[in-house]
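Please read the points below with the model open beside you. They cover helix packing, the domains and the ligand site.

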Amino acid sequence: MTEGFCPQPSEDQLQVAAWVHEFSERVIRPAAQEWDEREETPWPVIEEAAKAGLYSLDFMANSLTDKSGLQLALAAEELSWGDAGIALAILGTGLAVSAIFMSGTPEQQGEWLPQCYGTPDDIKLAAFAVSEPDAGSDVSSLKTRAAYDGTKDEWVINGTKTWITNGGLANTHVVVAQVDPELGSRGHASFVVPEGTPGISQGRKFKKLGIRASHTAEVVLDECRVPNACLLGGKERLDERLARAREGTRTASQVAMGTFEASRPYVAAQALGVARAAYEYALEYAKERRQFGRAIIENQAISFALADMRTRVDAARLLVWRAAWMGRNGRPFSAAEGSQSKLYAGETAVWVTEHAVQILGGAGYVREHPVERWYRDSKIFTIFEGTSEIQRLVIARAISGLRVN
Ligand SMILES: Cc1cc2nc3c(=O)[nH]c(=O)nc-3n(C[C@H](O)[C@H](O)[C@H](O)COP(=O)(O)OP(=O)(O)OC[C@H]3O[C@@H](n4cnc5c(N)ncnc54)[C@H](O)[C@@H]3O)c2cc1C
C-alpha cells in the first residue's frame with residue numbers, strides 16, 4: 001500500500017520549506033499578535049506573501065502537482081508554525097482552488113484559477129462554501145438549492161452557508177449546492193460564483209476563540225444566478241452522474257470521500273505547525289526558567305512532558321506525510337489514512353499546546369508569550385474539515401467495513 005513511500009523530502013523541497021520558514025519567521029510571527037487582537041484579515045501580510053510568490057497560483061499549482069505530496073505539507077507546517085490564523089488567511093483560498101482543480105474542466109481551470117489569487121498589485125481571495133446551519137458534519141442534508149433555468153442557461157442558487165473561511169470577503173466563491181434533494185449527498189454539485197455576481201452577500205461575521213486573523217462568516221445566496229458554464233465539471237457530466245446515482249451505482253459522492261481523504265493531510269500539517277511551535281517554545285523556556293535552584297527541565301515531570309510532546313509531533317508528521325503521499329500517488333485510503341493524519345495531528349496540537357501552557361506556568365496564561373494564542377488556535381483542528389468524532393467514524397468504517405454509527 002505504501003510501497004515507494006519515502007519519508008525524506010528532496011533537496012528542492014527542503015529548500016522550499018526553508019524559504020517558507022524564513023518568511024514565516026520574518027513576516028508572520030512578528031505580525032501574529034496584532035492580527036489576533038484585531039480579528040481582521042491581515043492584508044499587509046497577504047500582500048507580502050503575494051510579492052514573495054507564496055500567495056500565488058504558481059506556488060499552489062506547483063504544490064498540487066508535486067508528485068510526493070510533501071511540498072504542500074511542508075509549506076503548510078511552516079506557515080502555521082508562524083501563526084495558524086495568518087496561515088489560514090494565506091492558505092484559505094487554496095480550498096476553492098483545490099475544488100476547481102479537482103472538479104473543473106480544463107477551460108474552467110484556465111478561467112477561474114488565476115482569478116482566485118489575482119496579482120500582487122490586485123490581490124483576490126477565494127472561499128469554499130459547503131457548511132450550513134443545519135448541515136455541518138452531516139453534509140448530506142444541505143439545503144442550499146441550485147435549480148437549472150433552461151430558458152437562460154443559468155443556475156439559480158438559494159440558501160445560507162455558515163462558518164465560511166473568507167466568506168463574503170472573497171472575490172470568487174465555490175458553493176456546493178443540492179441539485180436533486182432525493183439523492184442526498186449524491187445530488188450535490190459545485191458552482192463557481194464569480195466576482196460581482198448579484199445575489200451573493202456576506203451575513204454575520206463570527207468572533208472566534210482562535211485563528212482570529214482568518215475571516216469566518218456566513219454567505220447568503222438569494223436568487224443568485226450564475227451561467228451554466230459555472231457548474232464545475234459541466235452539465236453533461238453532472239447529468240450522467242445523477243443518472244448513475246438514480247440507478248444506485250457508485251457515484252461522485254463516494255469519490256468525494258476520497259477527495260476529503262486527500263485534502264485532510266494538509267489541514268493536519270497546519271495543526272502540526274502549531275504543535276511544533278509550542279513544543280519548541282516550551283523546550284527553550286524550560287531550559288531557561290529556574291526554580292528550586294535548577295532549570296525546570298531538570299525535573300522529570302517537565303522533561304518527560306517535553307519528550308512526549310516531541311514524540312507526538314514527530315509521529316503526527318509521519319502520518320501527515322504518508323497520507324499526503326498516498327493521496328498524490330492515487331493509493332487507496334483503505335484504513336482512512338487521510339483521516340488518521342487529521343485526527344492525530346489535530347488532537348496532538350491541542351495536547352501539545354495545553355502542555356506548553358502548563359510548562360510556562362503563569363507565563364503561559366498571559367499574552368506576553370505566544371503559547372496562550374497557540375492553545376486557543378489549536379482547538380479548531382479538532383473541529384473543521386471534519387471533527388475528531390467524524391474522523392474516528394470514517395476510520396472505524398474503513399477498517400471494519402461496517403456502517404458504524
Ligand atoms: C473557523 C472555522 C472555519 C471554517 N471554514 C469552513 C469553510 O471554509 N468552508 C466550509 O464549508 N465549512 C467551514 N467550517 C465549518 C466546519 O467544517 C464545521 O464546523 C464542521 O464540519 C462541524 O460541523 P458543525 O459545526 O455543524 O458541528 P456539528 O455537526 O453540529 O457537530 C457537533 C458535535 O457533534 C458531533 N457529531 C456530529 N455527528 C456525529 C456523529 N455521527 N457521531 C459522533 N459525533 C457526531 C461532532 O463531532 C461535534 O462534536 C469552518 C468552521 C470553523 C469553526
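1. Helix H4 (residues 70–82) and helix H5 (residues 84–91) have axes that come within 6 Å and cross at roughly 135°. Helices here (H or I, at least four residues) and strands (E, at least two) are DSSP runs numbered from the N terminus. Axes are lines fitted to C-alpha atoms, for helices over the stretch in contact, and angles run from 0 to 180 degrees between N-to-C directions. H4 and H5 are therefore oblique to each other; angles under 35 degrees count as roughly parallel, over 145 as roughly antiparallel, 65 to 115 as roughly perpendicular and the rest as oblique.

2. This is a predicted model, in which local features need pLDDT of at least 70 and side-chain atom pairs count only at pLDDT 80 or more, while totals for chains, interfaces and linings use all residues. Residues are numbered from 1 along each chain as its sequence is written.

3. H4 passes H5 in a right-handed crossing. A crossing is left-handed if the near helix is turned anticlockwise from the far one by less than a right angle, and right-handed if clockwise. On the H4 side, Ala76, Leu79, Ser80 and Gly82 meet Ala84, Ile86, Ala87, Ile90 and Leu91 of H5 (contact: C-beta atoms, placed from the backbone, within 7 Å). This contact of H4 with H5 has seven nonpolar, two polar and no charged residues. Ala, Val, Leu, Ile, Met, Phe, Trp, Tyr, Cys and Pro count as nonpolar, Asp, Glu, Lys and Arg as charged, and the others, Gly among them, as polar.

4. Helix H11 (residues 337–360) packs on helix H13 (residues 371–378) at an angle of about 155°, with the axes 8 Å apart. That makes H11 roughly antiparallel to H13. The crossing of these two, H11 and H13, is left-handed. Residues of H11 in the contact include Ala349, Val350 and Leu360, and those of H13 include Trp374 and Tyr375. By class, the H11 contact with H13 has eight nonpolar, two polar and two charged residues.

5. The domain assignment gives domain 1 (11–123), domain 2 (126–248) and domain 3 (253–400); such bounds come from an automatic or database domain assignment. Between domain 1 and domain 2, the C-alpha centres lie 23 Å apart. The contact takes 25 residues from domain 1 and 20 residues from domain 2. H6 gives the most to the domain 1 side, with seven residues.

6. Which residues are closest to the ligand? They are Val130, Gly136, Ser137, Thr387 and Glu389, among 21 residues that surround the ligand (near: C-beta atom, placed from the backbone, within 6 Å). Strand E3 (126–129), strand E5 (154–165) and helix H14 (388–400) each give two or more residues to this shell. The shell divides into 11 nonpolar, seven polar and three charged residues. Domain 2 and domain 3 both give residues to the shell, so the ligand lies between them.

Key:
Two residues are in contact if their C-beta atoms, placed from the backbone, lie within 7 Å.
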